[in-house]
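Here is a short report on one protein chain. Keep the sequence and the structure open while reading.

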Amino acid sequence: MSQRQILQVFEQYQKARTQFMQTVADLASRPQNTETLQNAGVMSLLRPLLLDAVPTIQQTAALALGRLANYNDDLAEAVVKGDILPQLVYSLAEQNRFYKKAAAFVLRAVAKHSPELAQAVVDCGALDALVISLEEFDPGVKEAAAWAIGYIARHNAPLSQAVVDAGVVPLLVLCIQEPEIALKRVAASALSDIAKHSPELAQTVVDTGAIAHLAQMILNPDAKLKRQVFSALSQIAKHSVDVAEMVVEAEIFPAALVCLKDPDEYVRKNVATLIREITKHTPELSQIIVNVGGVAAVIDYLGDSKGNVRLPGIMMLGYVATHSENLAMAVIVSKGVPQLAICLEEEQEDHIKAATAWAFGQIGRHTPEHARAVAVANVFPKLLNLYLDSESSEDLQVKAKKALKSILQKCTYLPALEPLLYEAPSNILKHVVCQFSKVLPHDSKARRLFVTSGGLKKVQEIKAEPGSAVQEYINAINNCYPEEIVRYYSPGYSETLLERIDNYQPM
């Protein structure tokens, strides 16, 4: 065989390998093919090609592995069991930028499925190699590395701590300062994934100066970047008063409120989440948000949103109202109660209704004036129905009941209380009767209305244990009226009158 023929054989072999790899990578991009490829033993065929002499074949083999591992955890597990990860990690430090991107993609695809698989990626020494990739000149390599790091960190605190210990955080903060938008997005997302697990991890992110750099990007025109920026700020702010104050001191308000009207619903939701995480901590932080117009802006946001996007806004109003009478009144004055009533009416998911019921409880529990603001929005019947509805989740029933009780204990607005005399179960009814017993002795007009509306008659029909609190409340109400009026509206009085007629002897 001549030298030329030998070269032709090698050329054909290289072409066949290249074609094979391109075909497998293409097939792996379609989920319906993955099971067939796995059954055909494609993993064992791809592994040696990661060390092929031809760089394009190496890269395509890594790409195909990444696509397969990305599909489900069984295939990712197969990558781990096939001892492919150490090979990738070794090559990550040695190969060109195209291979590095493909290798980082495989690591990310494996790590995303579970903490166990992410731990396998860490155990094979991937973090050190990814840190080196974050220092690469090429932004595409940095992006792929940051993405893999984020997928490792997102699972739990120990994995996030491993990422921090590898020295990743300062490099991610440098990445968010790079001009490439895609790199900024992924780096901000990774910082968010690290900060979310514990106050200590969030403090590590803060200590590298991340807040100031994130704050500079809140009005960036790129919606996907804003999503990640607000997410990262939320995950930092949620842990403690100190870090929440640092986020506020970065002067993101009132500018961030503009983003509550952003066309992208995830941007809007993440901004509302950030405001919620800040206001939950202290009255002072809530007051800062109120002063910059945050409550009114969130109420408008609730009007423009539907479903789960509303949830952080609903909770934010509840947190603000929790802190003090004045802050709860700020929610009322900004027309928060009617908007929450609309949310309670429109939303179908129990967890959103439960959050709304909780928010009403926080607003109405302070004073009679606060309770009246909730009562006039016709919220009591809705809360009562949610509490009594067997279809409601246990959490919704608990929150509706608790909200009703806390508002009723302050409510002196009798027109809203009276319908509950007819509908409420005994454990709610006692709070209603209690309020009547407090108001009627001091209001002659209310006493008259209570008789003409049938309220006094209904109270006489309540079966209370002698000596119980409810019986005492009923006695207090009855003491507001002449004895013959009380007798007249008592059950059985008409029969007593008829008996007297039967027994009466005319003169």
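Predicted model: local features only at pLDDT ≥ 70, side-chain atom pairs only at ≥ 80, totals over all residues.

Leaving aside its neighbours within four places in sequence, which residues is Leu 130 in contact with?

In it, Leu 130 touches Leu 92, Ala 104, Leu 107, Ala 145, Ala 148, Ile 149 and Ile 152, neighbours within four places in sequence left aside.

Leu 130 belongs to the largest nonpolar core, a set of 169 residues. Together with Leu 214 and Phe 380, Leu 130 touches the most other members of that core. Helix H7 supplies the largest share of the core, nine residues.

## Overall make-up

The protein chain has 34 helices and zero strands. It is 507 residues long, and 50% of them count as buried. Take the contacts between residues at least 6 apart in sequence: 69% of these join residues at least 24 apart.

## H5 against H7

Two packed helices are described by the angle between their axes and the distance between the axes. Helix H5 spans residues 73–81 and helix H7 spans residues 97–111. They pack at an angle of about 120 degrees, and their axes lie 9 Å apart. H5 and H7 are therefore oblique to each other. Their crossing is left-handed.

Which residues of H5 and H7 meet? From H5 come Ala 76, Val 79 and Val 80; from H7 come Val 106, Ala 109 and Val 110. By class, this contact of H5 with H7 holds six nonpolar residues, no polar ones and no charged ones.

## H24 against H25

The axes of H24 and H25 cross at roughly 145 degrees and come within 8 Å. Here Phe 360, Ile 363 and Gly 364 of H24 meet His 370, Ala 371 and Val 374 of H25. The residues of this contact divide into four nonpolar, two polar and no charged.

H25 has His 370, Ala 371, Ala 373, Val 374 and Ala 375 buried. The buried residues of H25 pack against H22, H23, H24, helix H26 (380–388), helix H27 (394–408) and helix H28 (414–423).

## H22 and its partners

Helix H22 covers residues 325–333. Leu 327, Ala 328, Ala 330, Val 331 and Ile 332 are buried in H22. Which helices do the buried residues of H22 pack against? The partners are helix H19 (283–291), helix H20 (294–304), helix H21 (311–323), helix H23 (336–346), helix H24 (350–364) and helix H25 (368–375).

Lys 335 follows H22. The phi of Lys 335 is positive, near 70 degrees.

Is Thr 279 buried or exposed? Thr 279 sits in helix H18, residues 265–279. Its relative accessibility is 0%, and residues under 20% count as buried, so Thr 279 is buried. Leaving aside neighbours within four places in sequence, Thr 279 is in contact with Ser 286, Ile 289, Met 316, Tyr 319, Val 320 and His 323.

Leu 219 lies in the loop between helix H15 (210–215) and helix H16 (223–237). Leu 219 is exposed, with a relative accessible area of 51%. With neighbours within four places in sequence left aside, Leu 219 is in contact with Lys 226, Ala 255 and Cys 259. Leu 219 and Cys 259 are 40 residues apart in sequence, and their C-alpha atoms are 7.7 Å apart in space.

Technical notes. Residues numbered from 1 in each chain as written. Heavy atoms only, no water. Axes fitted to C-alpha atoms, helices over the stretch in contact; angles between N-to-C directions. Helix = DSSP H or I, 4+ residues; strand = E, 2+ residues; numbered from the N terminus. Parallel < 35°, antiparallel > 145°, perpendicular 65-115°, else oblique. Left-handed = near helix turned anticlockwise from the far one by under 90°. Contact = heavy atoms within 4.5 Å. Nonpolar A, V, L, I, M, F, W, Y, C, P; charged D, E, K, R; others polar. Buried < 20%, exposed > 50% of the residue type's maximum accessible area, 1.4 Å probe, protein only. Core = buried A, V, L, I, M, F, W, Y, C linked by side-chain atoms within 4.5 Å.
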